[in-house]
Amino acid sequence: MTSDVKRPIDFNRITANVDAADYERLFPAERYISKEWLAREYEVLWSRVWQWACREEEIPNPGDFYEYRIGDQSVLVVRGNEGHIHAYHNSCMHRGTRLAEGGTPFGGPGSFRTRSPFGGPGSLQKNKHLFKGKIQCVFHGWAWDLEGQIAHMPGAKDFAPACIRREEVALRKVQVDTWAGFVFINLDPDAGPLHEYLDPVPQRLAKFEIGQMRILRHYTTILPCNWKYGVDQFQEGYHVWATHVMDMNEVGAVSTGPGGRRVGEMTKGPPPADIVGAMTEYEQLGRHTNFWEPDWELGTGLPKGVKLRDLGNDPRSWVHQAIETMVLQGRAAQYELDYFDGLEALPLDMEGPHFMALNRRDACAAKGIDLSALTDEELYGFPCEHRIFPNMLGPVAGNSFGLFRSRPNGNDPDSCIWDMYFMFRYAEGEAPERDVLYIPDWRNPPPGRITPSFMQDWRTTPLFQAGMHQRSFPGHRFNRQEQNIIHTHKLLDRIIGK
Ligand code: FES
Ligand SMILES: [Fe+2]
């Protein structure tokens, strides 16, 4: 690794393309296993890039906060008294103590409205009224209002006045902004605006009205792989036929992921080398990427070109099962299944994939959610999966967004913090009961929460990471279907160095 990148990178200008020569390159394992490389990522990437911290709905009321951690840095995202969102470095201005912790070992939500001032039962609880709605330090009890101004400083007369000027002891701010209900932070005070950084993803996704979606499930675990591999897995369809081969059903279709469905449709055995994932499309969008499955009907779980009446002896139970599978996978909402079960008659002359789109459109309309701007493909196919550099990606379709995020875990390049969110549109004012789960051991998630396809992806993580350490490994070689991973590395070429 060379360190020729001393000048600050302007993340709002950085772009990369994938060229023919890139397919001849070997990308070193060092990027995935080296502590020095990870340290450099913290120094010049994570300290300067916009990164998704939480959803606005996770801090709905004044005084609610979300602790977002990246490496050894912690940021408090706080809902202020006027409803505005602030972000502060999570460090006391007296002697540096962390001011608050979220609900998991990696941050999470909490509230200064209800939080006991000294973290648990004890005599100091009696002073609770002093601290309610304040950001207070447990050590000597300094407290700030939600706007970051000092509100309480015991024994102030014992400090030198010059040392405790109000502006001096205000909480240190972190850049914060929102898009579509996502709260992003940037540790670089000089970073350009978020909307400029995200371009062109927001306008690409505007029709899905992601800001109206609500989290149904949020699962977090630690995976035994580098954070980039966590993202890489969801940037290519090439692995699907092998990693997820056990998902092939009786018609030979794989029920998750692009590429693999195409493969499954064509053959039950190992597919010819020139067919695997050949129909999955990829594109680079400056610093972000996208991929999609053009043959959208393969994403619906029902066979293409087959009318409902020809789905075996019992089309109703066939379709029920298809939607139920989608619900389990986080790709359909329970209310779509309920709506289907309430239908008195099925349009038997309609082809299955189009019916899946129709059912989604109608189930949403019954809740007052207007999806008329979306095509059948956008409603129920695999129309796009944008990756917002560096670590946020997932498929959007119709009323749903499955969203993944990976972050490095401390100073260990062989470990990452992995978040999965499943979000849906709901009726105005309706909010689902959120299923929030931290899974301490990825091998043993509680039953019924993590679908087999995710377990299949997770199962490869320790194998991948261990193989990276093999001294003989010459480096990664990528093919066309892995071009979005090349794109990540070409950005890293510029940010970290080759
Ligand atoms: S360290 Fe926070 S009040 Fe002293
Ligand atoms: Fe996968």
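Helix α14, which covers residues 452–468, has 17 residues and reaches 25 Å from its first C-alpha to its last, close to the 24 Å expected at 1.5 Å a residue, where the expected span is 1.5 Å times one less than the number of residues. Helices here are DSSP runs of H or I with at least four residues, and strands are runs of E with at least two, both numbered from the N terminus.

This is a predicted model, in which local features need pLDDT of at least 70 and side-chain atom pairs count only at pLDDT 80 or more, while totals for chains, interfaces and linings use all residues. Residues are numbered from 1 along each chain as its sequence is written, and chains are lettered from A and ligands numbered from 1 in the order in which they are written.

The protein has 15 helices and 18 strands, and 44% of its 498 residues count as buried (20 or more other C-beta atoms, placed from the backbone, within 10 Å of a residue's own). In α14 the buried residues are Phe454, Asp457, Trp458, Thr461, Gln465 and Met468, and what covers them includes the strands β11 (213–223) and β17 (412–425) as well as the helix α7 (227–232). Leu298, in the loop between β13 (288–293) and α10, is also buried, with 26 other C-beta atoms within 10 Å. The C-alpha atoms of Leu298 and Tyr380 are separated by 9.6 Å, although these residues are 82 apart along the chain.

| Helix pair | Angle | Axis separation |
|---|---|---|
| α10 (315–328) and α11 (334–341) | about 165° | 9 Å |
| α11 and α12 (352–365) | about 100° | 9 Å |

The angle of about 165° between α10 and α11 makes α10 roughly antiparallel to α11, a term for angles over 145 degrees. Residues are in contact if their C-beta atoms, placed from the backbone, lie within 7 Å, and here Val319, His320, Ile323, Glu324 and Val327 in α10 meet Gln334, Glu336, Leu337, Phe340 and Asp341 in α11.

By comparison of direction, α11 and α12 are roughly perpendicular to each other, which is the term for 65 to 115 degrees. In this pair, Tyr335, Glu336, Tyr339 and Phe340 in α11 meet Asn359, Arg360, Asp362 and Ala363 in α12.

Technical notes:
A residue is buried if 20 or more other C-beta atoms lie within 10 Å of its own, exposed if 12 or fewer, and partly exposed in between; C-beta atoms are placed from the backbone. Two residues are in contact if their C-beta atoms, placed from the backbone, lie within 7 Å. Axes are lines fitted to C-alpha atoms, for helices over the stretch in contact, and angles run from 0 to 180 degrees between N-to-C directions. Angles under 35 degrees count as roughly parallel, over 145 as roughly antiparallel, 65 to 115 as roughly perpendicular and the rest as oblique.
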